[in-house]
Amino acid sequence: MGKYFGTDGFRGEANVNLTVEHAFKVGRYLGYYYGRGHKARVVIGKDTRLSSYMFEYALAAGLTASGADVYLLHVTTTPSVAYVIRSENFDCGIMISASHNPFYDNGLKLINGNGEKMADEVTDQVEKYIDGLLPEAPYATGDHIGRTVDYAAGRNRYIGYLISLATHSYKGVKVGLDCANGSTWMIAKAVFDALGAETHVINHQPSGVNINDHCGSTHMGPLQKYVMENHLDVGFAFDGDADRCLAVDEKGNLIDGDLILYIYGTYMKKRDKLTTNTVVSTVMSNYGLGKALEKAGIDWMQTQVGDRFVYECMRAGGHMLGGEQSGHIIFSKYATTGDGLLTAIKLMQAMLDQKSTLSKLAEPVKLYPQVLKNVKVSDKDAVLQHPAVQQALQKAEEKLQGNGRVLLRKSGTEPVVRVMAEAEEESICMECVDGIIAVMKKENLVKEGA
């Protein structure tokens, strides 16, 4: 990770550590970088945050000042930006969103011409330009100055693409949608209505400050309650920019990303569509997912945390399905990034094609109890490499006897080490986690007051 760009773009509090000047300079450099030798074409989308409009104009000003033409999708989803880029030959794109974060945060997600997250080599150059370590990009003049184009048509083509992927009519199916007051506030209902569902929508009145506010995929309680009270067949919840989707079955139970991977992975295997016989997830996926996939005869690969790493693993190995527990699910045949609406459509396909409920399809997975504690430390690497901590980790693994796991992982954004255990009983998880933390404290590796 760089100074400004992490695994999911440049993110920070609007006009505190992510300012309009930053956005302008990002636009200036990308317009110059992609405009060498031809007139660059860049597409921009945004979510419903109050500051997204401000950043949209700053980016557009920087890009056009460097000679690029800018196509504005307006309020839309991150995966729609990726789809428009790769299907209509744009040089790159930018999504303005802080995903599941509160409204006062925002972010700039840079996407390359293949619809994938932009390479570190390019974002490193952007960072240098922001900090004045590169020469000033030349300003375009005369008829070389760029223009902005209202491109809502691109968003509409993405909606049409989603509808085209559905294999069944949804007539007679009662579907609940939680739009998180974010990017799907209009799109989700349009898609499900077009497919014939009896669509019930909540949290679809964005105010600029209520995105992700006790709603959406990070707060599943409201949708679970809504599905039960209205006797719906299924519910889907998205995050602010709709690259995530979590589901609720007809009984009000949460269907998280791990269960989604199992449901669709086994469905693909039954139809001989899981070409490498492999599902990819991160190390944070529940141990029970691996056990269930193993029983189904499916291989399980794990990557470090981040949908970027999941996608890179999938691309390298030619794998068809991967994702995160949080709901970033990637169907590599159709998309280059997590796509919440696509995930919902694919789950509907698995249900309707197999004439089953989500609860029945998820039944074979027995999720293990999990205990996760964050420990504030001064030196994350020193903690992970400390001999006493490694010995405590080995002791905990021996306690589990191969029926569970222990994981130590450093946070990418905080001075924190995460200690996690999964086992058949929560009490065993607590013993493992607390035992490792006790050793960290004994060795004076924990910050005072933590």
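A: Start with helix 6 (residues 187-194) and helix 11 (residues 340-353): their axes come within 11 Å and cross at roughly 25 degrees. (Helices are DSSP runs of H or I with at least four residues, strands are runs of E with at least two, and both are numbered from the N terminus; axes are lines fitted to C-alpha atoms, for helices over the stretch in contact, and angles run from 0 to 180 degrees between N-to-C directions.) Helix 6 and helix 11 are therefore roughly parallel to each other; angles under 35 degrees get that label, over 145 is roughly antiparallel, 65 to 115 roughly perpendicular and the rest oblique. Their crossing is right-handed, a word for the near helix being turned clockwise from the far one by less than a right angle, with anticlockwise being left-handed.

Who's touching whom here? Helix 6 brings Ile187, Ala188, Val191 and Phe192, while helix 11 brings Leu341, Ala344, Ile345 and Met348 (contact means heavy atoms within 4.5 Å). By class, that's 8 nonpolar residues, no polar and no charged. (Ala, Val, Leu, Ile, Met, Phe, Trp, Tyr, Cys and Pro count as nonpolar, Asp, Glu, Lys and Arg as charged, and the others, Gly among them, as polar.)

A quick word on the source: this is a predicted model, where local features need pLDDT of at least 70 and side-chain atom pairs count only at pLDDT 80 or more, while totals for chains, interfaces and linings use all residues. Residues are numbered from 1 along each chain as its sequence is written, and side-chain values use heavy atoms, leaving out hydrogens and water.

Helix 11 has another helix partner, helix 8 (residues 257-270), packed at an angle of about 55 degrees with the axes 10 Å apart. That makes helix 8 oblique to helix 11, and the crossing is left-handed. Ile260, Ile263, Tyr264 and Tyr267 of helix 8 meet Thr343, Lys346, Leu347, Gln349, Ala350 and Asp353 of helix 11. This contact has 6 nonpolar, 2 polar and 2 charged residues.

Helix 11 also lies across strand 8, strand 10 and strand 11 (245-248), running at about 165 degrees to strand 10. Those strands belong to an open, mixed sheet of 5 strands in the order 9-8-10-11-12 (two strands pair if DSSP finds at least two bridges between them). Strand 9 (198-202) and strand 12 (254-255) are at the edges with a single partner each, so one side of each has no neighbour in the sheet. Strand 8 (residues 174-178) and strand 10 (residues 234-238) pair in parallel over 4 bridges, with Val175 partnering Val234 of strand 10.

Strand 3 (residues 41-46) runs parallel to strand 4 (residues 69-75), joined by 6 bridges; Gly45, for instance, has His74 in strand 4 as its bridge partner.
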